[in-house]
Amino acid sequence: MQMKKQEPRIVELDVRPYLRQKLEPFKLIMDTVASLEPEDVFMMHALFKPTPLLGVMKVKGYAHKAEEMEEGYWIVAFARTDQAMDPLNALPLREFSKRDAPEEGLSDGS
């Protein structure tokens with residue numbers, strides 16, 4: 001009996017409000033990554049291409065696809081490399097482009 005492959009779940013995180021308030025979102029990002037199931041796709045909204053994070057995620061076994069939506073707005077998608085980049089290749093990042101999230105209610109975790 002063959003198992004039907006399920007669609008990957010998209011887990012989104014918008015770190016732009018944190019970055020604008022000069023808050024470091026790395027712990028929030030890593031907590032989100034820790035909650036991912038193997039088939040999930042992690043979609044992050046950022047102010048810039050997070051080059052250091054790309055290396056960290058590669059070591060953790062994730063491939064990425066990054067696209068600049070407009071100046072100062074990037075979407076980066078991550079998926080497990082054992083998924084053979086399949087979910088990322090077919091993922092139109094522009095469809096996930098969104099307006100800035102409201103900044104109220106942010107906390108630095110303390």
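Is E12 buried, exposed or partly exposed?

A: E12 is partly exposed, because its relative accessible area is 38% (buried means under 20%, exposed over 50%, partly exposed in between, with a 1.4 Å probe and protein chains only). Bear in mind that this is a predicted model, where local features need pLDDT of at least 70, side-chain atom pairs count only at pLDDT 80 or more, and totals for chains, interfaces and linings use all residues. Residues are numbered from 1 along each chain as its sequence is written, and side-chain values use heavy atoms, with hydrogens and water left out.

E12 belongs to strand β1, residues 10–14 (strands are DSSP runs of E, at least two residues, numbered from the N terminus). Setting aside neighbours within four places in sequence, E12 touches M43, H45, F96 and K98 (contact: heavy atoms within 4.5 Å). With H45 there's also a side-chain polar contact of 2.7 Å (a pair of N or O atoms within 3.5 Å; within protein, one must be able to donate a hydrogen and the other to accept it, and residues adjacent in sequence count only if both atoms are side-chain atoms). M44 is 32 residues from E12 along the chain, yet their C-alpha atoms are 5.7 Å apart.

Now the rings. There's one aromatic pair in the structure: F42 and F78, stacked, 5.8 Å centre to centre with 20° between the planes (Phe, Tyr or Trp rings, six-membered for Trp, with centres within 6.5 Å; under 30 degrees is stacked, over 60 edge-to-face, the rest tilted).

Note on methods:
Helices (H or I, at least four residues) and strands (E, at least two) are DSSP runs, numbered from the N terminus.
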